[in-house]
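Here's a quick briefing to read with the model open. Have a look at the fold before going through the points.

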Amino acid sequence: MRCRIVSRVLERSKAGHRRVKRTSVIAIDGPAASGKSSTAQMVAEKLDYLHVDSGSLYRAATAAMLRGERDASTWTENGVLEAAKYVELRAARTSFYPVLEGRAIEDEIRGSDVTRNVSRVAQMPRVREWVNARVREAAASKKVVVDGRDMGTVVFPDADLKIFLVADTRERAARRLRQRGTPTSEQMLDDETIRIKERDARDARQTVPAGDAVIIDTTSLSQPEQVEQIVTLWKQRAG
């Protein structure tokens, strides 16, 4: 009996030790077009970590579905999960990136068809669980900067540093248009602002800051300034 009790205690001790040895995680959350992914990538490069963009997994699952069924109104959770079996994350020099059927798909997942339908996929609870599991797997062996929704609340509630980026809606719309690299007008900015607000409404449940997150308003900050703030915070925590 005593041996069994000691064995159980040792097992619990080992399990606890594994949790303590988890690699470092910086979690960056925020609404659409708040600059999460690009800022997270730059922070990762500054710290020699790897960047994990959880949104790229939703996009990869969406791309996989579009290859087999163009009518998104017919999509089911089971169908998306079946298609997502052919998606995996691979580590590169500065980040993890999704591949579909063994091939990189960056251009495909940033296309208009995927962008138009990714929110539908991201609302599916079991798909969210699938994405979160892939992100946790990536962080199990590498020091990472992860971005997306639920990162500091659901996926990494014990993250070493949690950041929540916010910005004025119109500023976020302007950033989104600049990303596309096309000439813009006031009407285009108005239209994009409406789309951003609609996206915010759809994503509201997954866009909530953790209680211990540091909230950074980036409306008037340049991207290098955002990155510097986060890197400074991390060095203060780590020091």
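Predicted model: local features only at pLDDT ≥ 70, side-chain atom pairs only at ≥ 80, totals over all residues.

Residues are numbered from 1 along each chain as its sequence is written, and side-chain values use heavy atoms, with hydrogens and water left out. Helices (H or I, at least four residues) and strands (E, at least two) are DSSP runs, numbered from the N terminus.

**The sheet**

- Five strands make an open sheet in the order β2-β6-β1-β7-β8, with parallel pairing; two strands pair if DSSP finds at least two bridges between them.
- At the edges sit β2 and β8 (214-217), each pairing on one side only.
- From one strand to the next, the twist averages 20 degrees (axes are lines fitted to C-alpha atoms, for helices over the stretch in contact, and angles run from 0 to 180 degrees between N-to-C directions).
- Strand β1 (residues 25-29) runs parallel to β7 (residues 161-166), and four bridges join them.
- I26 stands opposite L161 in β7.

**Helices on the sheet**

- Helix α7 (residues 125-139) packs on the sheet and touches β1, β2 and β6 (144-148), with contact meaning heavy atoms within 4.5 Å.
- The direction of α7 makes about 165 degrees with that of β6.
- α11 lies across β1, β7 and β8, at about 160 degrees to β7.

**The aromatic pair**

- Searching the whole structure turns up one aromatic pair (rings of Phe, Tyr and Trp, its six-membered ring, with centres within 6.5 Å; planes under 30 degrees apart are stacked, over 60 edge-to-face, the rest tilted).
- Y49 and W234 form that pair, edge-to-face, at 6.3 Å centre to centre and 75 degrees between the planes.
- Y49 is in the loop between α2 (36-47) and β2 (50-53) and W234 is in α11 (residues 223-238), so the pair ties together parts 185 residues apart in sequence.
- Y49 is buried at 8% relative accessible area, and W234 is buried at 10% (buried is under 20%, exposed over 50%, partly exposed in between, with a 1.4 Å probe and protein chains only).

**Helix α3**

- α3 (residues 54-68) has 15 residues and reaches 23 Å from first C-alpha to last, close to the 21 Å expected at 1.5 Å a residue; the expected span is 1.5 Å times one less than the number of residues.
- Twelve of the 15 residues of α3 are buried, among them Y58, R59 and M65.
- D53 caps the N-terminal end of α3, with a side-chain oxygen 3.0 Å from the backbone nitrogen of G55.

Technical notes. Polar contact = N/O pair within 3.5 Å; in protein donor to acceptor, adjacent residues only side chain to side chain.
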